[in-house]
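I opened my notebook to look up a helix, a core and a pocket. Come along and check each entry against the picture.

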Amino acid sequence: DHDHIRVVVRLRPYSRGEAVLQAEGADSEVALRTEGATLLVRHGNETAQHKFDACLPEVTGQEDLLAQLEPWLVDPLMGGTNVTLLCCGGPGSGKQFSLFGSGSSPGLVQLVSRALFQRLRAPTPPGVKRTHTVRASHALLDDDAAYDMLAERGGVDSTDDKGLQLR
């Protein structure tokens with residue numbers, strides 16, 4: 001059901017090499033830009049439009065990304081619904097940065113966790129007792145292998161009996 005699956009695209013900033021080419025006026029083979037929830041892809045004289053739940057330009061910071069995703073991630077978690085955050089793309093497309101950030105810019109894993117635990121720590125009405133259980137998993141799918149990134153060895157191949165179980 002589409003109501004339960006959200007697809008958000010965030011463009012990454014140009015790499016140093018791409019920025020130099022842009023500054024020198026080089027014509028890119030492919031140009032990407034966002035208009036609302038539409039990704040526009042120009043290749044030569046052709047432009048294709050792709051609709052998503054949200055499309056975020058390359059200037060979108062981690063906190064802005066969280067603001068876009070929080071209603072789809074943290075709100076359902078607070079209601080007891082499981083959620084999955086899946087990042088995909090080619091090498092260098094920004095998956096790791098989106099998930100884990102960098103020194104001064106925390107990623108979605110940290111930001112969503114912080115938002116969730118802030119809500120869990122919120123005061124309850126007098127006489128109301130709450131208990132919470134939070135479970136998390138972190139899997140890496142790479143080519144034909146799956147890895148449990150929370151395993152003690154830093155990743156267990158899915159073929160290992162003690163590793164990640166895929167069904």
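Predicted model: local features only at pLDDT ≥ 70, side-chain atom pairs only at ≥ 80, totals over all residues.

Entry 1: I looked up helix H4, which covers residues 108-120. At 1.5 Å a residue, its 13 residues should span 18 Å, and the end C-alpha atoms are 18 Å apart, so the two agree.

**Entry 2: its buried side.** Which residues of H4 are buried? I found Leu108, Leu111, Val112, Ala115, Leu116 and Leu120. I noted a handy rule here: an α-helix has 3.6 residues a turn, so residues three or four places apart point the same way. The cover over the buried residues of H4 includes helix H2 (62-78), helix H3 (95-100) and strand E7 (105-106).

**Entry 3: one residue up close.** I picked Leu108 and set aside its neighbours within four places in sequence. Its contacts include Leu65, Leu66 and Leu69, and also Leu85 and Leu99.

**Entry 4: the core.** I then looked up the largest nonpolar core, which has 10 residues, among them Leu56, Leu73, Val74, Leu108 and Ala115. H2 and H4 each supply at least two residues of this core, and H2 gives the most, with five.

**Entry 5: the pocket.** How much space lies in the largest pocket? I read about 1700 Å³. Its lining has 42 residues, and Val83, Thr84, Leu85, Ser137 and His138 lie nearest the centre. I sorted the lining into 25 nonpolar, 14 polar and three charged residues. My helix turned up again: H4 gives the most to this lining, with seven residues.

Technical notes: Residues numbered from 1 in each chain as written. Heavy atoms only, no water. Helix = DSSP H or I, 4+ residues; strand = E, 2+ residues; numbered from the N terminus. Expected span 1.5 Å × (residues − 1). Buried < 20%, exposed > 50% of the residue type's maximum accessible area, 1.4 Å probe, protein only. Contact = heavy atoms within 4.5 Å. 1 Å grid on protein atoms, 1.4 Å probe; cavity = no way out; pocket = protein on both sides within 12 Å on 5 of 7 lines; lining within 4 Å. Points joined across faces, edges and corners; volume = space filled by probe spheres on them. Nonpolar A, V, L, I, M, F, W, Y, C, P; charged D, E, K, R; others polar. Core = buried A, V, L, I, M, F, W, Y, C linked by side-chain atoms within 4.5 Å.
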